[in-house]
Amino acid sequence: MKRFLTKWSISLFLVVGMTASMIAQKTVSGTVTDAANNEALIGANVLVKGSGSGTITDIDGTYSLKVSDGDVLEFSYTGYDPQDVVVGASNTINVSLGAGKLLDEVVVVGYGTQSRRDISGAVTSIKSGDFNGGVISSAENLIQGKAAGVQIINSNGDPGGGVNIRIRGTSSIRSGNGPLYVVDGVPLDGGNINAAGPDLGAGDGAARNPLNFINPADIASMDILKDASATAIYGSRGANGVVLITTKKGTGASQGLQYSASVSSSTITKKYDLLDGPGFVAGATALGGNPATLNKGGSTDWQDQIFRTAISTNHNLSYGGGGAGSNYRLSLGYQDQQGIVKESSMKRYSVRANTSHKMFNDKLVIDAQFTFANVKDQQAPMSDNAGYEGSVLGAALSANPTQNVRGTDGKFIQPGNDQRNPVAWLAYHDDRANLNRMLGSVSATYNISSKLSYKINIGADRSVSVRKAAVSRLFNINDIGGRGRAFNVNLNSANTLLEHTLNYNTKVGANSKFDAVVGYSYQKYDNSNTLIRMQYFKTDDLDQMVNNPQAVNFQANNDAYRVRGGASIDELQSFFGRVRYVINDKYDFSGTLRADGSSKFGKNNQYGIFPAFNLGWRLSEEEFVPELFSNLKLRAGWGITGNQEFGGGNQIFRNRYNDDGNVEIVAFANPDLKWETTDQINIGMDYELSDGKIYGSIDFFTKSTSDLLVKTFSAQPAPQEFVWENLTGQVKNTGIEFSIGSELVKRDNFKWNINGNLTYIKNLVQNTGRSIQTGEINGQGLSGAFAQLIEDGQPLYSYYLRTFEGFNAEGLNIYKDNEAITFVGKSPLPKLTLGLTNSFNFGKLDVSIFVNGMFGHYIYNNTSNAFFSAGSLGNARNSTTDIPGNGEKQTNSADASTRFLEKGDFLRLQNMTIGYNVPMSNKTIKGLRLYVTAQNLLTFTSYTGQDPEVDTNKAIKGIPSAGIDYLAYPRARTFTFGANVNF
């Protein structure tokens, strides 16, 4: 009986308690608006502090939520100051949120975050709302033209093609010039993770972009660390800048379901103005050709035969939310991007999960992120080193316009004599790559006290890339005709990370603060590759050729099957620390020190020390500064950073196996090989007027790179092919960066914001004592020709050419000083870059216009050199309409000279977007935005090539070139129609 009464008493107590709780709760509702214009804020978070309950505002900015008297509601929205409200007697709570100040913006820096107010290094932060729109296949293009000092050049228009990004100039002769990418705390391997394209008659396949695996829709922000005081925390990998990519996370309230979709149409911006059939016959006949053999009786526009209108689609689905101490976000993505050259495309399937959970009264925080992507590439026969015959584009430019595609028997007509039918080439060629890449990390942060925390971070980056390519024996090209050829290339990459950090954070008095971080990092890169070459096939089926080795006629030749491969292991061990002290919110100091040990370097120099410091003085806190300046801060910094992005000089880890399966050591050992180091000084000023009405920064920098890494080849025969060594001398970059932003107009129904940046950079090689050739020039009879020379007193990759002065009376070339080859005072490196964005809001309509440009550089038009001359036309290869009648009569090939050197200046209307937020009465759909985006809409330039934004890598012995255009994949003009839906 006693036990029964006890149970009854407990049950009654629970029922009464629950009833009382339900009676105490009530429903409050209201509207969240922008304090400046009273417009509704869609998707604002409304949370009950200390509980897991919350909601978000709908399309009208309204919300409703069950609460109790005395609860504290927290209202927040990205870009606005949060606000807390205590629940009282009223059932209606309306809140107006004010826009957050630029100074309070949170910026990601190495191993932590800082408010914009406290940063004294050169750092640019770009949020997702400011990203470029349209068809974006890789992360770099999201920020093209958006940051001062950051030059981004798409080397060609191929879907998923390579992108060259330079932060504050080009600093290295042979080592990598790209920045270090860090995704959610995991530094990525700077090497290529895509299987290389084999040579199937058109040179090696062009490079793919290693960032293609990241879905741009998953990126929340990209923070660019530019000067040494900001990048030194990454030590040996910070010389070329650091790009920190932060992906989207969940919030404390349900974000609901979000879906976006778009369809795009792309066409070539500019075709070459080639001779038609009659013009070709007449022009070639005037140069000695026989009209009877020139005129094939047909009429074909070969450019139209290989180009197409490309249709691309993009779909993204995400769901996120959370509760007390937890949040999550899941996303799926699919992109199908066709190229404007037939038989070229990129498809990406991606899945991403981010989660965070707090435990033990917020003492322990577990964060995890995971990405998996499958990227499928299909490539047309185009490359950076196609030789004088050219790629499929070269075949289309030079093909006889009176030649039909097929004969009367329905078979492809193949002229021979180094002339190729481009349509047949596309039909008889297949080149496909498949990349699976996984990137993930798990971290645990334990808050030892309110001031001290410990964090362990474990990361892994795995990729498997397979490339299968073949050319049928039915296609007459080099020695492939009659036998066929296929390649199977595999590349496996594994990158593992282990980091331990201690963070200390404390306030000192009312307006001062001190923080410090110390840490240890270990990263291991394990790469291996195999290449199988097969030829002498018994079949014409391209699928069987790449997937069925039994299709090879092994009895026909002992060279039918070859296998090569290689492997490397690199390790990086690091110790680092940073301290920062802010005094009275007026003065700040930070110092950084990192020690890196790398297996890539010789045993005498495996460790490098990379120090940095910076100072800041907030002048706006001084009485002598006018009140007009809501912020005025002077910054100064110095530091030393390193560069280890090269093949590696320690032969213990640099092996390959030959056709017989025997291991070969590739390089001579160099026990004294050491880091390439960059010494950089930065002086800058941040300014903000009238509480953010006008804001921006100006920076002056100089950086000098020494101990330059180069590969020196051995005279053969020799046990190994080459040795890595350090050059004396320096590559120096000096420059000025300027950025400005302004709220020009801010009214209830109209807003106009403008953001711009301008950068000037001067580059110079000093005291190396070397002359290094690069910039190979292709064309018939141009074997061994080059256009660039690296030498003291000149910018990197300076043009070194004959100076063309015109044609004489006989139509022969005239060159200055008896054909002397000299420096011509022209550089491929832009001196001036700019970007300008105008954003307008008219009620629910928004318009964004982005313009970018590059100036002060020259492009070598190798395409014109190889294909558009009297020599080419006289050899029955088609040419442009300006060749007949230009005075040239010589029928031999055109020499490499300033005749083909052109100004590369351009100003481009790169991106224009018009969007509309549709008013919704349907409560299921909380938001709907429709938009149209135009990319590469207009280009103003004097360059006669297809597009001035081009960079075909015409390397010589591994020394890269710059500013050369040779049969680059054309750029497209794209129109995108899309919708974003919030449920």
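**Salt bridges**

Modeller: Let us begin with a network of salt bridges that links Arg908, Asp947, Glu949 and Arg971. A salt bridge here is a side-chain nitrogen of Lys or Arg within 4 Å of a carboxyl oxygen of Asp or Glu. The model is predicted, so local features need pLDDT of at least 70 and side-chain atom pairs count only at pLDDT 80 or more, while totals for chains, interfaces and linings use all residues. Residues are numbered from 1 along each chain as its sequence is written, and side-chain values use heavy atoms, with hydrogens and water left out.

Colleague: How far apart are the closest N and O atoms of Arg971 and Glu949?

Modeller: Arg971 lies in the loop between strand S49 (964–965) and strand S50 (972–982), and Glu949 in the loop between strand S48 (927–941) and S49, so the pair ties together parts that are 22 residues apart in sequence. Helices (H or I, at least four residues) and strands (E, at least two) are DSSP runs, numbered from the N terminus. In the salt bridge of Arg971 with Glu949, the closest N and O atoms are separated by 3.6 Å.

Colleague: Is Glu949 buried or exposed?

Modeller: Buried means under 20% relative accessible area, exposed over 50%, and partly exposed in between (1.4 Å probe, protein chains only). Arg971, at 9% relative accessibility, counts as buried. Because its relative accessible area is 2%, Glu949 is buried.

Colleague: How many salt bridges does the structure hold, and which residue forms one with Asp515?

Modeller: The structure holds 31 salt bridges. Asp515 lies in strand S25 (residues 512–535) and its partner in strand S26 (residues 561–583), so the pair ties together parts that are 65 residues apart in sequence. Both residues of this pair are buried. With the closest N and O atoms 2.6 Å apart, the partner of Asp515 is Arg580.

Colleague: Are Lys746 and Glu743 buried, partly exposed or exposed?

Modeller: The side chains of these two residues meet in a salt bridge of 4.0 Å, N to O. Lys746 has 36% relative accessibility and therefore counts as partly exposed. Glu743, at 26% relative accessibility, is likewise partly exposed.

**Aromatic rings**

Colleague: What kind of aromatic pair do Phe412 and Tyr428 form?

Modeller: Rings of Phe, Tyr and Trp (its six-membered ring) pair if their centres lie within 6.5 Å; planes under 30 degrees apart count as stacked, over 60 as edge-to-face and the rest as tilted. The structure holds 26 aromatic pairs. For Phe412 and Tyr428 the centres are 5.6 Å apart and the planes stand at 80°, which makes the pair edge-to-face.

Colleague: Where in the chain does Tyr428 lie?

Modeller: The pair links distant parts of the chain, 16 residues apart. Phe412 belongs to the loop between helix H6 (392–398) and helix H7 (422–427). Tyr428 is in the loop between H7 and strand S22 (429–447).

Colleague: Which residue forms a tilted pair with Tyr428?

Modeller: The ring centres are 6.4 Å apart and the planes are at 45°, so this pair is tilted. The partner lies in the loop between strand S23 (452–471) and strand S24 (485–508), so parts 47 residues apart in sequence are tied together. At 0% relative accessibility the partner counts as buried, and the residue is Phe475.

Colleague: Which residue in S4 is the bridge partner of Thr31?

Modeller: S1 and S4 are joined by bridges in an antiparallel arrangement. In S4, Thr31 has as its bridge partner Thr62.

Terms used
Two strands pair if DSSP finds at least two bridges between them.
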